[in-house]
Amino acid sequence: MDKNDQLLAQLLFIFQASAMQGMGKMKNPVTDKIERNMEQAQQSIDMLEMIKEKTKGNLSPEMARLIDNSLSELRLNYVDELNKEKN
């Protein structure tokens, strides 16, 4: 993995962590509390989707898989959290 792949992976992990925090699946490191903000979670997922679209055809297979796997995991968790709100 070259330097740019490492930097992109770090960026992806930042958005992934932000989405997980927004869904209440991780503590907010600033407040050390579980806080739900589904709008924040959706925005982070949207940012990852935008990165995927804007880098299409420019990524190594490894990085493309990383983005796809992150988005799949986040979408499943997001739907799970929305379903919890309904019940």
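Let's start with how α1 and α2 cross. The crossing is left-handed. This is a predicted model, so keep that in mind throughout. The two axes come within 7 Å and cross at roughly 155 degrees. An angle over 145 degrees counts as roughly antiparallel. That makes α1 roughly antiparallel to α2.

Which residues make this contact? On the α1 side, we have L8, L11, L12, F15, Q16, S18, A19, Q21 and G22. On the α2 side, we have M38, Q40, A41, S44, I45, M47, L48 and I51. Sort them by class, and you get 11 nonpolar and 6 polar residues.

Now step back to the whole chain. How many helices and strands does the protein chain have? It has 3 helices and 2 strands. Read along the sequence, the pattern is α-β-β-α-α. Helix α1 covers residues 3–22. Strands β1 and β2 cover 23–28 and 33–36. Helix α2 runs over residues 38–54, and helix α3 over residues 61–86.

What about overall dimensions? Along the principal axes, the C-alpha atoms fill a box of roughly 40 × 25 × 15 Å. The chain has 87 residues, and 32% of them count as buried. Next, contacts along the sequence. Take contacts between residues at least 6 apart in sequence. Of those, 60% join residues at least 24 apart.

Helix α2 brings M38, A41, Q42, I45, L48, E49, I51 and K52 to the contact. Helix α3 brings I67, D68, L71, L74, R75, Y78, E81, L82 and E85. By class, that contact has 10 nonpolar, 1 polar and 6 charged residues.

Which residues does Y78 touch, leaving aside its neighbours within four places in sequence? The list is M23, M38, A41, Q42 and I45.

An angle under 35 degrees counts as roughly parallel. From α1, the contact takes D5, L8, A9, L12, F13, Q16, A19 and M20. From α3, it takes M63, L66, I67, S70, E73, L74 and N77. Those residues divide into 10 nonpolar, 3 polar and 2 charged.

In soluble globular proteins, nonpolar side chains tend to be buried together. In this model, the largest nonpolar core has 17 residues. Which members touch the most other members? They are L12, M23, I45, L48, I51, L74 and Y78. Each of α1, α2 and α3 supplies at least two residues of this core. Helix α1 gives the most, with 6 residues.

Some of these names have come up before. L12 is in the contact of α1 with α2, and L12 is also in the contact of α1 with α3. I45, L48 and I51 of α2 meet α3, and they also take part in the contact with α1.

Now the loop between β1 and β2. D32 lies there. Its phi is near 60 degrees, a positive value in a residue other than glycine. Most residues other than glycine have a negative phi. Is D32 buried or exposed? At 52% relative accessibility, D32 counts as exposed.

First, A17, which is found in helix α1. A17 is partly exposed, with a relative accessible area of 22%. A17 and Q6 are 11 residues apart in sequence. In space, their C-alpha atoms are 16 Å apart.

Second, K84, which lies in helix α3. K84 is partly exposed too, with a relative accessible area of 48%. How far is K84 from N58? They are 26 residues apart in sequence and 37 Å apart in space, C-alpha to C-alpha.

Notes:
Residues are numbered from 1 along each chain as its sequence is written. This is a predicted model: local features need pLDDT of at least 70, side-chain atom pairs count only at pLDDT 80 or more; totals for chains, interfaces and linings use all residues. Side-chain values use heavy atoms; hydrogens and water are left out. Axes are lines fitted to C-alpha atoms, for helices over the stretch in contact, and angles run from 0 to 180 degrees between N-to-C directions. Helices (H or I, at least four residues) and strands (E, at least two) are DSSP runs, numbered from the N terminus. Contact means heavy atoms within 4.5 Å. Ala, Val, Leu, Ile, Met, Phe, Trp, Tyr, Cys and Pro count as nonpolar, Asp, Glu, Lys and Arg as charged, and the others, Gly among them, as polar. A nonpolar core is a set of buried Ala, Val, Leu, Ile, Met, Phe, Trp, Tyr and Cys residues joined through side-chain atoms within 4.5 Å. Buried means under 20% relative accessible area, exposed over 50%, partly exposed in between (1.4 Å probe, protein chains only). Angles under 35 degrees count as roughly parallel, over 145 as roughly antiparallel, 65 to 115 as roughly perpendicular and the rest as oblique. A crossing is left-handed if the near helix is turned anticlockwise from the far one by less than a right angle, and right-handed if clockwise.
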